2 protein chains.
Amino acid sequence: MQISELAEVTGVPLPTVKFYIREGLLPKGTPVSATRAEYGEGHSDRLRVISALASVPGLPIARMREILAIIDNWDDYGVIEAMGHAVAALPPYAAPSDARRGREDGASPEGPPPPQLTYAREAVAALGLTFDPEYPATRQLDDAITAVLGAGLAWTPDTAARYGASLRQLAENEVTPVPSMTARQSIEYAVLGTTLFEPVILAIRRLLHRHFAETAVEAPSQAPRATE
Amino acid sequence: MQISELAEVTGVPLPTVKFYIREGLLPKGTPVSATRAEYGEGHSDRLRVISALASVPGLPIARMREILAIIDNWDDYGVIEAMGHAVAALPPYAAPSDARRGREDGASPEGPPPPQLTYAREAVAALGLTFDPEYPATRQLDDAITAVLGAGLAWTPDTAARYGASLRQLAENEVTPVPSMTARQSIEYAVLGTTLFEPVILAIRRLLHRHFAETAVEAPSQAPRATE
């Protein structure tokens, strides 16, 4: 098909398709004459992945390019490694330096800063998983726990175990389709599923919070409510 | 105490404390002489909340000011409404316009755009919750589902019910401490707990994904794996 048909079939505006080609995200079509190039199903599939990545807030073009390159060259890594690298190119990026800066400038005044990734190490043990300091989510978790403790909120390895109990089934369900996919499909699915379902999960959590907060606050309380 | 003691006690650097005062986030101390002001426990409590908000990636000063104003004036709203408004001032902000733009420029070519919040309405019904189109998380959920469908990933109201089943206990546990708190404490807890535990949840989910993906991909597969 011609580039105009590619735009029509995928619902991506033609100028946007051309932009993706210029940025090297979408390969050029095969030239069939001086003025025409032919596009195939590979292009429309790729374009759908690019469009989905483009909808992720805070994902720069450079990171999109990185993710697409990992998908294209997955056999340099192996499937699991490729999935891990591709997911690691997704937001959040800022957490590590921020939280570490917080520790250094004394935002947590109680005692010396903990040895690196101690919180994550304890939490991962409580979750019953294998500790891998190189996996980006490990550092994300350590930074997230540091921020929780810095705000004076409660956190122990037991808290990790409790969250794990709720999230285990959810994560297992999400991975279920992977074995029936090709390597390429499974890496695309890992990237898109990881990032596009994050806001779904967080929105449902906020809706459930309100439901339970209404129940908790508006129910006639057993104990008299503390007043300010 | 003097402002320098306030900085020491809270672990917030003195220039940062002064910045928060200039920005109107932290009230000035009570003047006790021409050159000295006295700071109390109210100031150190407030400073801890400000520090925690400052650690939230993508939360602008203007939104911090808005959240603090809601905490201060909670009785203009009632506790539940104040919690909702304060949580609504947290990121994400970009999703609504982005996703809606996606629909308008034809990113979802299949049929006409759905009536507003249809996806969220169906999902909220499947979750067994009360539909409130004005609650910000409702729109967040609708936009998130729109992005999932736009990427060609599977979604039905049953999917919402499945996520709800996993997240219900998690959200209920998180709300448990609320009834024993003062109104101010519970709104602060809602804001900080909502935002600071989001990266914890997402990091644990990513760690569990890897665990289950390794199991799924590396286990000797029953069916021969599809190849590209």
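Which helices each supply at least two residues of the lining of the largest cavity? In this predicted model, in which local features need pLDDT of at least 70, side-chain atom pairs count only at pLDDT 80 or more, and totals for chains, interfaces and linings use all residues, the helices in question are H9 of chain A and H9 (157-175) of chain B. Residues are numbered from 1 along each chain as its sequence is written, chains are lettered from A and ligands numbered from 1 in the order in which they are written, and side-chain values use heavy atoms, with hydrogens and water left out.

Rolling a probe the size of a water molecule over the atoms shows where empty space is left. Here a cavity is a set of points, on a 1 Å grid over the protein atoms alone, where a 1.4 Å probe fits but cannot get out, and its lining residues have an atom within 4 Å of a point. By this rule there are 5 cavities of 30 Å³ or more, a volume being the space filled by probe spheres set on the points, with grid points joined across faces, edges and corners.

The largest cavity has a volume of about 50 Å³. Its lining consists of A:Arg162, A:Tyr163 and A:Ser166 together with B:Leu170, B:Asn173 and B:Glu174. Sorted by class, this lining holds 2 nonpolar, 2 polar and 2 charged residues (Ala, Val, Leu, Ile, Met, Phe, Trp, Tyr, Cys and Pro count as nonpolar, Asp, Glu, Lys and Arg as charged, and the others, Gly among them, as polar).

Helix packing comes next. Helices are DSSP runs (H or I, at least four residues), numbered from the N terminus. Two packed helices are described by the angle between their axes and the distance between the axes. Axes are lines fitted to C-alpha atoms over the stretch in contact, and angles run from 0 to 180 degrees between N-to-C directions.

In chain A, H7 (residues 118-127) packs on H9 (residues 157-175) at about 50 degrees, with the axes 8 Å apart. H7(A) and H9(A) are therefore oblique to each other (under 35 degrees counts as roughly parallel, over 145 as roughly antiparallel, 65 to 115 as roughly perpendicular and the rest as oblique). Their contact (heavy atoms within 4.5 Å) joins A:Glu122, A:Ala123, A:Ala126 and A:Leu127 of H7(A) to A:Pro157, A:Ala160, A:Ala161, A:Gly164 and A:Arg168 of H9(A). These residues divide into 6 nonpolar, 1 polar and 2 charged.

Also in chain A, H1 (residues 3-10) and H3 (residues 41-54) pack at about 50 degrees, with their axes 10 Å apart. H1(A) and H3(A) are therefore oblique. A:Leu6, A:Val9 and A:Thr10 of H1(A) make the contact with A:His43, A:Ser44, A:Leu47 and A:Arg48 of H3(A).

In chain B, H4 (residues 61-72) and H5 (residues 79-88) pack at about 175 degrees, their axes 9 Å apart, and are therefore roughly antiparallel.

Terms used: On a 1 Å grid over the protein atoms alone, a cavity is a set of points where a 1.4 Å probe fits but cannot get out, and a pocket is an open set with protein on both sides within 12 Å along at least five of seven lines; lining residues have an atom within 4 Å of a point.
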